[in-house]
Number of protein chains: 4
Amino acid sequence: MTRVGVVGATGYAGADLARILHGHPGVELSVITSRQYAGVPLSRIYPSFEGVIDRVCEAFSVDSICEKADLIFTALPHKVPMDIVPRLVERGKRVVDLSADFRFREVDRYEAAYQPHTARTLSEKAVYGLCEVYADAIRSAGVIGNPGCYPTSVLLPLIPLMRAGLLKRSSVICDSKSGVSGAGRSLSIGSLYCEVSESFRAYKVAEHRHNPEMNEVLSRECGQPVAITFVPHLLPMSRGMLTTTYAELTGPADADAIRSCLTGFYAGRPFVRICSENRLPDTRNVRGTNFCDIGFRVDKKNNRLILISAIDNLVKGAAGQAVQNMNLMLGLDETAGLDSVPFPL
Amino acid sequence: MTRVGVVGATGYAGADLARILHGHPGVELSVITSRQYAGVPLSRIYPSFEGVIDRVCEAFSVDSICEKADLIFTALPHKVPMDIVPRLVERGKRVVDLSADFRFREVDRYEAAYQPHTARTLSEKAVYGLCEVYADAIRSAGVIGNPGCYPTSVLLPLIPLMRAGLLKRSSVICDSKSGVSGAGRSLSIGSLYCEVSESFRAYKVAEHRHNPEMNEVLSRECGQPVAITFVPHLLPMSRGMLTTTYAELTGPADADAIRSCLTGFYAGRPFVRICSENRLPDTRNVRGTNFCDIGFRVDKKNNRLILISAIDNLVKGAAGQAVQNMNLMLGLDETAGLDSVPFPL
Amino acid sequence: MTRVGVVGATGYAGADLARILHGHPGVELSVITSRQYAGVPLSRIYPSFEGVIDRVCEAFSVDSICEKADLIFTALPHKVPMDIVPRLVERGKRVVDLSADFRFREVDRYEAAYQPHTARTLSEKAVYGLCEVYADAIRSAGVIGNPGCYPTSVLLPLIPLMRAGLLKRSSVICDSKSGVSGAGRSLSIGSLYCEVSESFRAYKVAEHRHNPEMNEVLSRECGQPVAITFVPHLLPMSRGMLTTTYAELTGPADADAIRSCLTGFYAGRPFVRICSENRLPDTRNVRGTNFCDIGFRVDKKNNRLILISAIDNLVKGAAGQAVQNMNLMLGLDETAGLDSVPFPL
Amino acid sequence: MTRVGVVGATGYAGADLARILHGHPGVELSVITSRQYAGVPLSRIYPSFEGVIDRVCEAFSVDSICEKADLIFTALPHKVPMDIVPRLVERGKRVVDLSADFRFREVDRYEAAYQPHTARTLSEKAVYGLCEVYADAIRSAGVIGNPGCYPTSVLLPLIPLMRAGLLKRSSVICDSKSGVSGAGRSLSIGSLYCEVSESFRAYKVAEHRHNPEMNEVLSRECGQPVAITFVPHLLPMSRGMLTTTYAELTGPADADAIRSCLTGFYAGRPFVRICSENRLPDTRNVRGTNFCDIGFRVDKKNNRLILISAIDNLVKGAAGQAVQNMNLMLGLDETAGLDSVPFPL
């Protein structure tokens, strides 16, 4: 059984990775690391794990982790993985990185949005881990740049329709809303309960760093530069992300054509659910799952398409998709470890 | 002191009206009515009022209310006021109606969105109570159609810029998010705590009945037909509404021009706050107040303006604006009864 | 594989039963019924199930369900099961009833708290399904009265200590707090989001119908009448229940003796976790799980023990314990279907 | 008009003080200070204040504040006021201190619970600012130790009944539940939204530092040592505190005697509401107000009284009671600045 490790297991995404991997039938979670909590059992930090995942966090060391694991997840703040991942790759390890460091093929975009990149070549060879779209490349990848949560919710509904030429490239506007867990477990006034409750606000309007990530992927898909308008908002909830996308149709409004484009593209893909006509996505319907629910309506008067997509930002938007990538890389069933029955509430 | 009455005081908007009017220094709340709770003290239904507003709800009767009140608020479901309001007007009363029944000058629009109108003439003469824009007409109005919550949050940021010709009429998209109190106190599965918590979803996409209301006002403002794309969403919070509006600029992106258009239009208007550059609206900053906070950013790459506006849907979006209308009608200070200091959290 | 049915699958407890049974490796969920939603797929009511549990709800009929299922869960309002369960038993079916109808051996207590009982004999023979305490009787039971959520959280910490004679019988006070899902999915003003949010209150103080249920069990355990003081409260959350129990110690305060009594009693029982000294139970640590977490502190000055127990009211307090009962009845692993890894948040 | 200052205006209690004092008709808020945010407008930190309280926070200096204010509120972490307050008093200022530093007459209790006290004499002369009980002493006090939030909710229901000898001194158990704002605005993992949401837990069981404060007051009231059992819990809400108190009755259960003791004691006191028989306190009914709602039930079987009291921990539990103390000290109407109409939701 493949042994897997999680570097940075005590953040929210890392802990959710530990949850999924511990229950995964096809791999063995053999090592977890933490800078801040080395020597502490994970269940001390997340007591829901008590008696279930009592494994102790280790300090990170390349030697130690390479000895204990065959495939490694890095769930670390941006900038740290570009230093660590090349050393793991040198030792023959395959890596799924959850930061932004390996999401860009055009490293200049990364550098404009983040900081200088010290592992350009590796970044150029890494594969963008949007599983439903790039499964073939993922299967043989050495390094996966696991997509950001916002890009996942934006790209899954858009790519099939953009590929099909149904939308005007320059008309795309994405209004996204995310639960607070997206900000992670680090201490900030803006993440305090009393600041989030009964609060809803936009932030980093048209300047969020996930925007260039979306632009790169869509530009590659279209073969021409695409720059969408992207506005993220913060929801008073823990887990959940919903994106409402607006785009002009290139042809006459035809709901059937749109439906058949989406259902065709995602036929047989277990984690994308195209909502039937009488339903629209809701974050609670995907909470704790790896699903992306997609629905749409046509605004006929304005010949605009309105796409709505919902994910759990920590699962399909982070840890779940990371495991889905691993499943593809290891030739396992794509749903392994990700098929628990959703909660009704 | 003017005596005022509230017809329908036990819904959320009616109760908030009672709260504001009870504390208003320039009027006397002299009668409240309720179909369902006739004979019951308002403080039985809303125990926060115990010892403060213990007034008993009466059954509605035209005679009784006309005897007891000079100006009347009707906070009733759509369709009921079109029957009641004309009878109050006949008796010489001035009315602020919180339903949709008197918001439309073009009654055909109303009938297309709601149902046949039985008081067309009165509706055509009523005044749309968007206080910051139509104060002059409001002062002398007999019947006010108090604006919907969504239209208030949509129109306040848009009207100054549309009047100034800064935005392309056909490009306007409004992505709105509302707290649950907007659905009122009536029983519905969708308003249960367990269904709302950790839930976020769009509803009535491009077919909400507030959309024609916005279209009528904007068309009148522009002198040409305007049909915006409008998508409402439901937030897991009680009070609060935030609208993110996207529109293409007619000229080159010029943040200063937009700022000066907005600040100029709202100079001296006590309830609209144009956010300084380093701030964006947040529903919690207007909670329990009659403020509308407006902020914006320019997406230069796409020459798009992004407007963000926040209100408390029950105050500026309903009861507070209704009282503001009353203040204008009675020649009182516009802020009377509406100037309590906001809560910091 | 044993075929199981759920009568009343569309309430919150019924839906959580469907969730657990659908993912259960040892049984087949073969039929679900609903009065209100007969003919409707369960995934229409709980869209998180879409593509996962699309089974259609049937109208209830004894013949039909007896044909399709070997063991039946009844998740119905009190009073209905006393009519239905005997007819299922007559047909040779084993039943786990989630209502109060079969929780009492002393039917007079039931009748004092609820209504006349029309299946007294069957009730007297039924087994109280508190799995950690009555496992032996459960294994061979024909009808299980699945414990109430409050009694589960009250009895698990108390029974070992009462049996050991460590607590004064007459001194027990239980202050319980429950999430809103305990009120079910039925429409009531008190369950609306706007009424629950930022609300916390006691209800049915010292007169809740779960109190006689606790009293009956504790009296039987002690061989003498016990009547505890029980006060339930409503928490602004969906799932979760925490009970703080106060009791005088019969001997000198000895934390070690208490710890060893509890850990001894629950040694090897997979779903009770006795918290280590540096931890106390929290509802979020058991959310979505079948765990009961128990912690305690001694108030030496007053020679009082303070016990704290946390469960998910829908899982260990309802559907999960029901499945645990089934596992015991069928000779399956007690944790089958109940061992998914808890969420860290 | 009396000029008042707030030292430490940017914490939650300090900000709520600023809110109340800014709207107070009888005093002028003339200076606010902040260590962390000196030079910053209060409305930058709490944007709800924008355009309302734009006053800039100053660095604290004894000279400056004594020049600008006649009465001073200190809203600082424990230990800081014992250094500052004596210097203000020397300059002839009257002080309402919101920390624990001046709540104890028996300074040894303070030192056992907190740390060595460097202003023992002043502490011994300070007045405990529980307004409904100690109004006479408060009127002429130089320094007020403003009660803790938990003690306020515990003492108001208990003192009248203890004075009347209706309760057994040794039998009192208080189970308290507080909203998160009680933890203040400082950064701690436990105050993050994702840690608080769907969480409910006890903390500092039988060892919270408000316990000795309650014990001192009750011992003084009873003329004999009293040590109650006190367990605080954390609620997933911002503002609100509810205490459920259990005590044995000295005589036969007589609900009328209890009611008349409470209503007699609080007759004419504007901020204590004794709930009528059909109502029990709820945190939402006192949210944003200075009310303390008190209700009760008798558990006849056990001859126990169950008292329930609800306050807003930031208002009656902190800033509101501080202003009420000021009103008494200055001979103003006790309700001045505290009489805004409560929100219905």
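This is a chat about how the chains of a predicted model meet.

Trainee: Let's start with chains A and B. How many residues of each are in contact?

Mentor: There are 47 from chain A and 47 from chain B. Keep in mind that we're looking at a predicted model.

Trainee: And how much area do chain A and chain B bury between them?

Mentor: About 3600 Å², with 55% of it on carbon and sulfur atoms.

Trainee: How many salt bridges are there across that interface of chain A and chain B?

Mentor: The rule finds 8. One of the pairs to look at is R287(B) with E198(A), where the closest N and O atoms are 2.7 Å apart. There are also 36 residue pairs in polar contact between chain A and chain B, counting pairs with both residues at pLDDT 80 or more.

Trainee: Which elements of chain A give two or more residues to the side that touches chain B?

Mentor: Quite a list. Among them are the strands β7 (173–178), β9 (229–234), β10 (241–248), β12 (292–299) and β13 (304–311), and also the helices α9 (193–196) and α12 (283–286). By class, that side of chain A has 22 nonpolar, 14 charged and 11 polar residues.

Trainee: Switching over to chains B and D. How many residues are in contact there?

Mentor: 34 of chain B and 35 of chain D. The buried area is about 2900 Å², and carbon and sulfur atoms give 63% of that.

Trainee: How many salt bridges between chain B and chain D?

Mentor: The count is 2. In one salt bridge, R279(D) pairs with E50(B), the closest N and O atoms being 2.8 Å apart.

Trainee: Which element of chain B gives the most to the side that touches chain D?

Mentor: α1(B), with 5 residues. The elements giving two or more are α1 (12–22) and β11 (272–274) of chain B. That side divides into 16 nonpolar, 9 polar and 9 charged residues.

Trainee: Last one: what does UniProt list for residues 3–141 of chain A?

Mentor: The unreviewed entry has "domain: Semialdehyde dehydrogenase NAD-binding" there. In the model, that span is 39% helix and 16% strand, and its end C-alpha atoms lie 18 Å apart.

Methods:
Residues are numbered from 1 along each chain as its sequence is written. Chains are lettered from A and ligands numbered from 1 in the order in which they are written. This is a predicted model: local features need pLDDT of at least 70, side-chain atom pairs count only at pLDDT 80 or more; totals for chains, interfaces and linings use all residues. Side-chain values use heavy atoms; hydrogens and water are left out. Contact means heavy atoms within 4.5 Å. Buried area is the accessible area (1.4 Å probe) that two parts lose on being put together, summed over both. A salt bridge is a side-chain nitrogen of Lys or Arg within 4 Å of a carboxyl oxygen of Asp or Glu. A polar contact is a pair of N or O atoms within 3.5 Å; within protein, one must be able to donate a hydrogen and the other to accept it, and residues adjacent in sequence count only if both atoms are side-chain atoms. Helices (H or I, at least four residues) and strands (E, at least two) are DSSP runs, numbered from the N terminus. Ala, Val, Leu, Ile, Met, Phe, Trp, Tyr, Cys and Pro count as nonpolar, Asp, Glu, Lys and Arg as charged, and the others, Gly among them, as polar. UniProt positions are given in the numbering used here, feature names are shortened, and annotations may be inferred rather than shown by experiment.
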